[in-house]
Amino acid sequence: MTIRKPTHTRRSVLKRSLALGATAAIPSTFFINHAWAQDTSYDGEVFDAGGATINIGEWGGGWEEFVRKGLVDQFEKDFNCRVNWDSSFPWFPKFVTQGAQNPVYDICNWNLPNLMQTNAAGDYFLSADEVKANVPNAADCWDFAFASGAGVTWAYQPYVYAYRTDRGDPVSNFRDFWASRFANKRGTYGTENGLMHAFFMATAQEFGKDQYDMDAAFQALEEAMPMKISEFTFNMLSMLERGEVDVAVHIEGEALSLKRKGAPVDVWQWDSHPILTQTKTISRYSDPMQKKLAFALMNRTLEPSFLNAFGDEFLWRPTNSKAAITAPLAEEGVENTAAATEAFWVPDWNFFVENKQDITERLNGIFGL
Amino acid sequence: MNASQSQVTQPSARYQRHTKLLLVIPLTIFFIGFFVVPVGLLFASSFNPQVIGQVAVTSDLTLDNYIRFFSRSNYLMAAGRSVLLATIVSVVTLIIAYPMAFVIAKTENAARNTFLLILVLAAMQLDMVIRIYGMMVILGDNGLINQMLVALGLTSPDAPIQFMYNFLGVVLGLVQFSMPFMILTLVGVIRGINPSLEEAARSLGATPRRTFTRVTLPASMPGILSGSLLVFALSISSYIVPALMGGFRVGVLPIHIFQQVAEGARFQFGATIAVILFLISAGAVAVYLKLGARNSGGLA
Amino acid sequence: MGRKIPLPMLILAIVGFFYMLVPIAVVVLAGLTAGDFLTFPPKGLSFRWVIAFLKSDSYLSAFFFSFKLALMTMIVSTILGTAAALFLSRSRFFGRNAMRAFFLSPVVLPGVVIGFALFAFYISTDIGLTRTIWGLWIGHILYSTPYVIGTVGAALASYDVSLDEAARSLGASPWRTFRKVTFPNISQGIQAGSIFAFIVSFGQFEVSLFLSAPNSEPLPIAMYNSLRYKFDPSAAAAGIFAIMLVTASVLLTNRLVNIGKLLDRK
């Protein structure tokens, strides 16, 4: 951070390393002579990147290990490039600190709420249409994969309630969460967690006129107290396994994996069918070679062979209509057809992001933070 | 060796003072460059108007962020809670950890001593995100302690004692987390106490208890203060323990800072909270150091 | 002879050890489960998850990266911190307490503040430290040095300065005095401080969030990431391995430093 008056003349003199803490929204007209303005396109063919480096932001740990083995290592060989993998989420503050003109990652993996938050803060990403035009495999994806307008969703899981089967009748209704038998045995997440955001929108939709009825959601969540609030899904599953909670907001694949391992747990998909997504964005102001590599990586990610392997490992569903549903899910009746995917709802994250500060503060108040 | 010889080999007082300064200059430069300046800039931005995503410090000055902080009760309560939490944790940790440090320091058997140290270090080593699982198994509503209480008929299964997801949970978590730090600080000091002091006391007829209260305890004051200060600092700045053990109900300043900075990119307001946290801690540190100066004759 | 440790003290110590160790024991046992998910009590005992951890590329490389970084941090923090502690304890000047507080202040700030402040600083000054290991190292040193100063300072405070004065009056130079008289006596404190520095750096999460470099994931972040998408005991297994490593290190260090000798203060 430097102490200076916010003028524009200084900025227009800057070169590529514009990272002097630029504020988010910079008009792109100042950089018409830069290489970014050139169109980069990709047609799906393998090309030689000459050893270029591409920066990606994506989850690490076991996820990174699998994706490297199943996708990235081969990608580096085929395209003669090097992938710089950064796994320390959160991405949003890093993007805004470096600014749109100096994107911290060329291609980044998100859940939608944070993606939309960054997208609203500036001109960071190529639009979904622009990506679609340069990623051949995207043509095979269902429409909801482009709902964000700023990236392409490649995998998703429906939101569910994960509940213990040894504590009474199975859960079969969104409002069962509020049943008195679950007092202080119901689990959800902190105000900054994406699952809580989706739960909030779904609650608004259920108890109010529509997903925009925030007051109805606040009211309902107040009535749901006391609840056990967790930080992340693993913790929630261990709470469920230990019997600290009997019903929890969760996502299908992860909760089902616990069921498959023998715990007395089952899932019920919310009848509003919101989904948790893995969405990749490509930065608008990346250099041409990086952008081309990003398109290529995006294309590879949408390859049915990769999506199938990924689904087998982590139980996520693919957005590519040509990919298969992994056996454990298929056994439960999950299908990858137009009819099956029609019902899925992507909440209006733009609305959420606009009201995020208020929502966070009121939820904090309800939880007692 | 006579007096005149030692006078010849002693360097001048000024030379001594200058070479002593060399000891502290590297760290000072490092701190100024990589602590004072970056954090100072961050603090300065707290006087700028709140703009999401803006990181640069501008000359646009305002007190809006501070007004916002002081006008909302949840932030004020968070500040109070942070101080209360840190104070309670440092006192409780001291009470539990001192005996442990004492035992380790006084264990003559080298093997046993090493074993105990290994236990302390192992406890310190386990990452918090997975340690929470262990805490939950013991302290949770369905945890071992509650199961035992139910088995003994002291509580009913529907009304467990809530050791977690509340202020008590955070205290328990922070104490468990801080114990190794306090122990290790104290062990060094207790061991360093001149054994002839204790021997002298005992040869004058003092019981072990009296020796302890009159000789050992006062002599370990520097360690007590240093350890308490360290635990206080750890507790007041901890994000992960209140987040995981508090069930999102225990609002402390680091959680609010994290929300503002890492999640909301509201850097100016986040900086404001950080400034206030820093001032509170500086106040506490000043108190500790004053106590320290008085208790160890200015040597601490 | 008489008991050296008063009974109430011993009882309190035992209770303390229990409280400190039982959660750790739970995690260790859960990580040794033969079953497929994290549960307690474990369904049978097995090393399968520890082996899986050792076979896992990402976990193991994260482990060694954190180890390397912690070692680097420990060395620098110990040297800088010990020197500063010596200065603070041997000097009398007006701002001494303030200086001591100043050097301790990184610890009172949450890691996210330091991490973010440095991150923004690196970007705005463009000195080439953004998202590099060196930039991360600096953050770790900043965070670890106060611990060294605290422990060494405490050891120095209870150290009998007349020992030094005696050595000096016998003609020893300041450096010789330090080496032969001061250092052996405060080495416990220095050892404790450097261990702190190592462990604090190894387990550092929040500072690393903003300062991490690509392709170098510190272990706590790797663990947190792994916990996001798979419910299995591998995080516990990582913890077991870390504990085993600490044990091995202490045993090794003991051989080198010979604690027995230091205990021999007749």
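**Close-up views of the chain interfaces and cavities**

**Figure 1. A salt bridge joins A:Glu361 and B:Arg72 in this predicted model.** The closest N and O atoms of A:Glu361 and B:Arg72 are 2.6 Å apart. Three salt bridges are found across the interface of chain A and chain B. The polar contacts between chain A and chain B come to 13 residue pairs, with both residues at pLDDT 80 or more.

**Figure 2. Helices and a strand of chain A contribute to the side that touches chain B.** Two or more residues come from each of α3 (92-98), β6 (228-230), α8 (233-242) and α15 (356-367) of chain A. Of these, α15(A) has the largest share, with six residues. Sorted by class, this side of chain A consists of 16 nonpolar, 15 polar and 11 charged residues.

**Figure 3. The contact between chain A and chain B is built from residues of both chains.** Chain A puts 42 residues into the contact, and chain B puts in 44 residues. About 3,700 Å² is buried between chain A and chain B. Carbon and sulfur atoms account for 55% of that buried area.

**Figure 4. The largest cavity has lining residues from chain A, chain B and chain C.** The structure contains 14 cavities of 30 Å³ or more, and the largest cavity has a volume of about 650 Å³. Its lining is made of 34 residues. Nearest the centre of the largest cavity lie A:Phe89, A:Asn193, A:Glu231, C:Tyr224 and C:Arg228. At least two lining residues come from each of α6 (194-207) of chain A, α12 (240-245) and α13 (253-263) of chain B, and α10 (219-229) of chain C. The helix that gives the most to this lining is α10(C), with five residues. By class, the lining of the largest cavity has 19 nonpolar, 10 polar and five charged residues.

**Figure 5. The second largest cavity has lining residues from helices of chain B and chain C.** The space in the second largest cavity is about 450 Å³. It is lined by 24 residues, and those closest to its centre are B:Phe177, B:Ile240, C:Gly203, C:Gln204 and C:Phe205. In chain B, α5 (110-125), α6 (128-139), α8 (167-192) and α11 (221-237) each supply at least two residues of the lining. In chain C, α6 (133-157) and α8 (174-202) likewise each supply at least two. The largest share, three residues, belongs to α6(B). The lining of the second largest cavity is split into 15 nonpolar, six polar and three charged residues.

Technical notes. Residues numbered from 1 in each chain as written. Chains lettered and ligands numbered in written order. Predicted model: local features only at pLDDT ≥ 70, side-chain atom pairs only at ≥ 80, totals over all residues. Heavy atoms only, no water. Contact = heavy atoms within 4.5 Å. Buried area = accessible area lost by both parts, 1.4 Å probe. Salt bridge = Lys/Arg side-chain N within 4 Å of Asp/Glu carboxyl O. Polar contact = N/O pair within 3.5 Å; in protein donor to acceptor, adjacent residues only side chain to side chain. Helix = DSSP H or I, 4+ residues; strand = E, 2+ residues; numbered from the N terminus. Nonpolar A, V, L, I, M, F, W, Y, C, P; charged D, E, K, R; others polar. 1 Å grid on protein atoms, 1.4 Å probe; cavity = no way out; pocket = protein on both sides within 12 Å on 5 of 7 lines; lining within 4 Å. Points joined across faces, edges and corners; volume = space filled by probe spheres on them.
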